[in-house]
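Subject: Structure handover

Hi,

Here is the structure for you to look over. My notes come after it.

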Amino acid sequence: MTKYIARRLVQVIPTLWVIFTILFVLAYLMPGDPIRTVLGEEYERIDEATIEGIKEELGLNKPFIVRYFEFLGQMVRLDLGKSQILKEPVIDVIGYRLPRTLQLMAGGMFVALIIGIPAGIVSAIKQYTWIDHALMLFALIGVSMPVFWQGLLFQLFLTQEKYGVALFPVAGYGDGDLTYMILPSLVLGTHLSAVIARVTRSSMLEVRSQDYLKTARAKGLRERRILLRHHLRNALIPVITVIGLQVAGLLTGSLVTETIFNWPGLGRAIVPAIQSRDTPVIMGILIFGALMFILINLITDLIYALVNPRIRYGT
Amino acid sequence: MATSAVNSEIVNLTETKRITNFQRFWRAFCRNRVALIGLMIVVVMIFAALFAPAIAPYDPIEPHYTSVLAAPSSEFLLGTDELGRDIFSRLLYGARISLVIGFVAQVVAISIGLALGMISGWYGGWVDDAIMRITDAFFAIPGLMFLIVFVAILEPSPVTIFAALGLIGWPSDARMMRSQVLAIKELEYVVAARAMGASALRIMVSHLLPNAIAPTIVLASLGIAGAILAESSLSFLGLGITIPNPSWGSMIDLGRNYTLTAWWYAIFPGAAIMLTVLGFNFVGDGLRDALDPTQYQ
């Protein structure tokens, strides 16, 4: 297992290099004058020579390849530069917002698992009954529901006395007050819960006719034990893969969810940064997004190896 | 004379078989009530988009300053926005934008996907490896994230949106096409075509491509839903295309500020997106089940 982890960790390095290179080329190609972003209104009043000076200072006159290696150096030192608009280090912006995004993602994942897996199991056990049909119809609706629309509906009906019940706060972070987390988590988790329910159902159905289940029944084990120890455990392997793939979707979903609920995460930072062309912030968030993405893939692979010994010992 | 009669009979036989195949598929599709509902939604949406000028009671960009943010009434069916523009009319015109974006993005995605999948499956070897690794990489990138980066670099315009959505959508088409090619490339009629000296391009177009039509339709139907959803999310974040005529996503983005005072502003465009996406997903799911040969018995 240690060997497996080590090998997977080494594989991260080339992936990171490719991502850094792509992001650098993208930032290089990004239109818009960075000087104008830095100076804002003052830009119009400044003479050519000063602008040249600033360009020199920011290193914009250096050749492409020099800037590329400087960028790689910065990445190795984890130096993400300073926001051109907020005038504070990008790492501070991310340091404040990343934990809040992660918190929201954890909430969404919790909702997705709590709803998705039981729904999938029930649906598979009661295949072709009305419960199955109803659950799968809900899953299809859940997949089609736009995150922002669901958020607006919740805000309308669950936070306003006028239209429904005022159960939850409308929006905001609430300094860690968990009631502020409930609606955003529900909204973020709905889509994933529908996906998980569908995968769990089909995986349960696939495993159902396996010989080891017949053996377990023949041994006279109780149905409940067969379901949990033999049936579900084997059926969960593809579910884990799908969850791993979908966590990235949770990250992008949180961009939208944060915008609706005014949640102070990365999404609330990257959208204005794009609109104002604040390149260091955009790059910083994308780099952290990519890092999270790699980390999630790594964790998925490790869990996968943990539940499926064939991978651990193979190759 | 005799041979030609036999030939025509064979032709007839295959003709009838084709029809029954289609009928069988159609029957399976119709048995699925959810799929039929989806088809109805899609047809209604397409009609709404096509005949928007005839159906819309008002001009979508004409303001009515006397009835700003008016609640739904007989005068304004779904209410008005902050400039007094009729939301129902704007929704009808918005259907054009959303559907066109969905369809064009799918055409781009399918063209890229089928071409790459075919090359990958037909040539195999390192070409296959290279294309499949790229496909894996694109699969792994979350769609909305890619769209945001794309828009951050290139100014949002219809062309960049189509290109970006197409670039997100093609991997599933490529994988499907590749597996189709692998399944049939050693079959007699393909080998025969090769032996007769048909070029790779000709084999691809006239032998390999027709086999992929059915699964492509399924993927396209689901893909249109995804593209509409992705575009509206982008517009919702305020990063979408800005055009005089409203897209559904941008209507929600504007209306979001009025959720608590004028709920109809954002809720109705959201319902339109939801219904359309649901319709295409229902149809796609139904098609997949109906085209699944194991269901035919």
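Predicted model: local features only at pLDDT ≥ 70, side-chain atom pairs only at ≥ 80, totals over all residues.

Residues are numbered from 1 along each chain as its sequence is written, while chains are lettered from A and ligands numbered from 1 in the order in which they are written.

Chain contacts. 30 residues of chain A are in contact with 31 of chain B (C-beta atoms, placed from the backbone, within 7 Å). On the side of chain A that touches chain B, α10(A) gives the most, with seven residues. Helices here are DSSP runs of H or I, at least four residues, numbered from the N terminus. That side of chain A divides into 22 nonpolar residues, eight polar and no charged. Nonpolar means Ala, Val, Leu, Ile, Met, Phe, Trp, Tyr, Cys and Pro; charged means Asp, Glu, Lys and Arg; the others, Gly among them, are polar.

Helix α10(B). 20 of its 24 residues are buried (20 or more other C-beta atoms within 10 Å of a residue's own, placed from the backbone). Gly238(B) follows α10(B), with a positive phi near 80°.

Thr257(A). This residue sits in α10 (residues 223–261) of chain A. Thr257(A) is buried, because 29 other C-beta atoms lie within 10 Å. Leaving aside neighbours within four places in sequence, its contacts include Leu104(A), Val147(A), Leu188(A) and Trp263(A). Leu188(A) is 69 residues away along the chain, yet the two C-alpha atoms are separated by 6.5 Å.

Best wishes

Notes. Helix = DSSP H or I, 4+ residues; strand = E, 2+ residues; numbered from the N terminus. Buried ≥ 20, exposed ≤ 12 C-beta atoms within 10 Å, placed from the backbone. Contact = placed C-beta atoms within 7 Å.
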